[in-house]
Amino acid sequence: MKITAFIFTYTNVAPLLPACIRALRRNPGSGNTLDIVALDDANAPLGEDTVALLVKDGVAVVQTKTNRRGNLRGFAIANEIAGLMFSESADSEIVIGMDPDTLIPNVEALVKPLVDDPEAGMAGHDMQTPHGVCLGQAYAVRRATMGYIASKLAGMDGAAVEFAVDYLSLRLTWPANFMWIDFVFSALANQHAPVLVNKYAWTTWKHFGEERDPGEVMRNNAVVLLGNPNVRGLIESKDRMAACAKMLLNAADEPKAERPVLAGGAKPVVVLGASIDTNAAANLAAVLASQPGVTCEYLLFDGTCHEIVVDEAMNALAHWRKLKWRITQATFPVWCNVSVSNAWRAGMMIPYLEEAGYDWRVVAVDAPLADDGKLISRWDAESAKADADAVALPVSRTAIPVAKAADAAATQQAVVADYRAKLGALVAAHPQKLRVLQAADLADQSAMAALFDWIGLPAAGRRNELVGAAINARAS
């Protein structure tokens with residue numbers, strides 16, 4: 001059986017494509033042949049070098065002309081893509097639509113619902129409840145059904161069309177220009193043939209707090225989502241997701257790894273990561289979270305407000321109780337929480353950690369004093385997207401350790417000064433327990449190997465290839 005997979009591409013997804021394509025080719029199924037087509041956005045196209053590499057690799061590149069309205073929304077783009085998925089898949093029995101930040105390590109399992117049920121026209125997954133909507137990260141459509149969808153769309157007046165879809169126990173009716181194409185395709189496919197939902201195994205890879213073996217995740221699922229739904233703290237993270245995708249694919253072809261686990265009754269080493277630079281905090285969390293033997297949470301309880309109760313000690317106790325509950329769930333030898341608020345909370349947690357018998361470390365990612373102005377300028381730019389009255393801070397609406405000043409600039413400077421004072425006090429009081437890194441260290445494999453040794457992370461199975469992949473384009 002011939003299958004054609006269509007990847008919806010645009011200008012900055014090039015880092016994701018090698019792993020996306022490699023995953024598709026991993027298991028097309030016995031007797032199946034697979035063609036791959038990149039449907040590229042002509043309004044924000046891939047670079048010429050990327051297109052040349054794709055063509056050399058046997059991937060066809062076809063441009064769409066219509067405005068995609070952000071994320072493949074609207075009648076016009078649905079009409080164009082449906083027509084291309086039909087016309088560019090001659091001799092195929094099944095077509096696949098997918099995002100570039102999705103891995104399909106088992107195409108055979110993805111299309112199996114349509115193979116097993118010759119009457120069905122479309123198969124996919126729904127993150128919430130199955131109401132016949134195949135969400136756009138990955139879905140399979142019988143080519144005859146795609147032909148029906150294309151012909152129906154071609155005969156419609158987009159300005160007048162409304163689509164009604166049953167979703168989350170609601171009847172949704174939207175003008176065609178506001179409907180995502182996966183909803184449009186699902187609604188029209190259902191007129192032609194049954195739509196099957198959640199008939200194959202799929203999962204979302206958690207970039208933070210993930211405790212599953214990556215090889216098992218890849219071997220046991222037809223679809224693995226890396227970037228949608230969006231992962232908090234992974235803004236502009238195509239390079240980071242690409243590195244993670246490569247790691248998952250490598251793990252899929254390795255024997256099952258023996259991941260270090262806690263012995264019965266043992267306690268993990270607790271690592272508190274801190275930085276007032278949100279990009280650096282996210283990069284530190286990603287480096288730690290990528291390593292076997294580590295559970296790393298990111299921005300855990302970051303919004304717990306210091307201003308709810310005037311008594312700081314009471315706030316610290318409330319925060320510790322939440323933190324302790326999560327630490328006691330740990331199954332790996334190292335448990336981490338990287339948080340902007342750790343910049344001022346870490347010192348408060350140390351007495352509680354010691355009283356409870358935990359070995360602990362604090363890792364701070366600092367910036368030179370000369371960079372403070374640049375950091376504050378970025379906070380201003382980021383907070384401009386928030387409420388007009390919001391004070392620009394490291395994380396929007398995050399609890400802060402200082403009283404708000406009369407103007408935003410004074411508050412920002414007070415936050416920075418408070419952080420530096422508390423960091424200096426921690427270094428003086430616990431020189432063997434605290435390590436201060438620079439942002440550049442997070443991309444240095446030797447520096448990270450030394451950090452892993454220092455926190456007690458077992459050397460076996462470390463994922464060194466994930467060190468150096470920036471989580472955010474602005475991280476440096």
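Modeller: Let us start with strand β1 (residues 2-9) and strand β4 (residues 94-98), which pair in the parallel sense over five bridges. T4 stands opposite V95 in β4. This is a predicted model, where local features need pLDDT of at least 70 and side-chain atom pairs count only at pLDDT 80 or more, while totals for chains, interfaces and linings use all residues. Residues are numbered from 1 along each chain as its sequence is written, and side-chain values use heavy atoms, leaving out hydrogens and water.

Biologist: What makes β1 and β4 a pair?

Modeller: Two strands pair if DSSP finds at least two bridges between them, and β1 and β4 have five bridges. Strands themselves are DSSP runs of E with at least two residues, and helices are runs of H or I with at least four, numbered from the N terminus.

Biologist: Why do β3 and β10 count as edges of the sheet?

Modeller: The seven strands form an open sheet with mixed pairing, in the order β3-β2-β1-β4-β7-β6-β10. β3 (60-64) and β10 (195-197) each have a single partner strand, so one side of each is left without a neighbour in the sheet. Neighbouring strands here are turned by 20° against each other on average, direction ignored.

Biologist: Why are α5 and α6 called roughly perpendicular?

Modeller: The axes of helix α5 (residues 143-154) and helix α6 (residues 181-192) come within 9 Å and cross at roughly 110°. That makes α5 roughly perpendicular to α6, because 65 to 115 degrees counts as roughly perpendicular, under 35 as roughly parallel, over 145 as roughly antiparallel and the rest as oblique. Axes are lines fitted to C-alpha atoms, for helices over the stretch in contact, with angles from 0 to 180 degrees between N-to-C directions.

Biologist: And what makes α3 and α5 oblique?

Modeller: Helix α3 (residues 75-87) and α5 pack at about 140°, with axes 8 Å apart. The two are therefore oblique to each other.

Biologist: Which residues of α3 and α5 meet?

Modeller: Among them are F75, A78 and F86 in α3, and M146, I149 and L153 in α5; contact means heavy atoms within 4.5 Å. The residues of this contact divide into ten nonpolar, three polar and one charged. Nonpolar covers Ala, Val, Leu, Ile, Met, Phe, Trp, Tyr, Cys and Pro, charged covers Asp, Glu, Lys and Arg, and the others, Gly among them, are polar.
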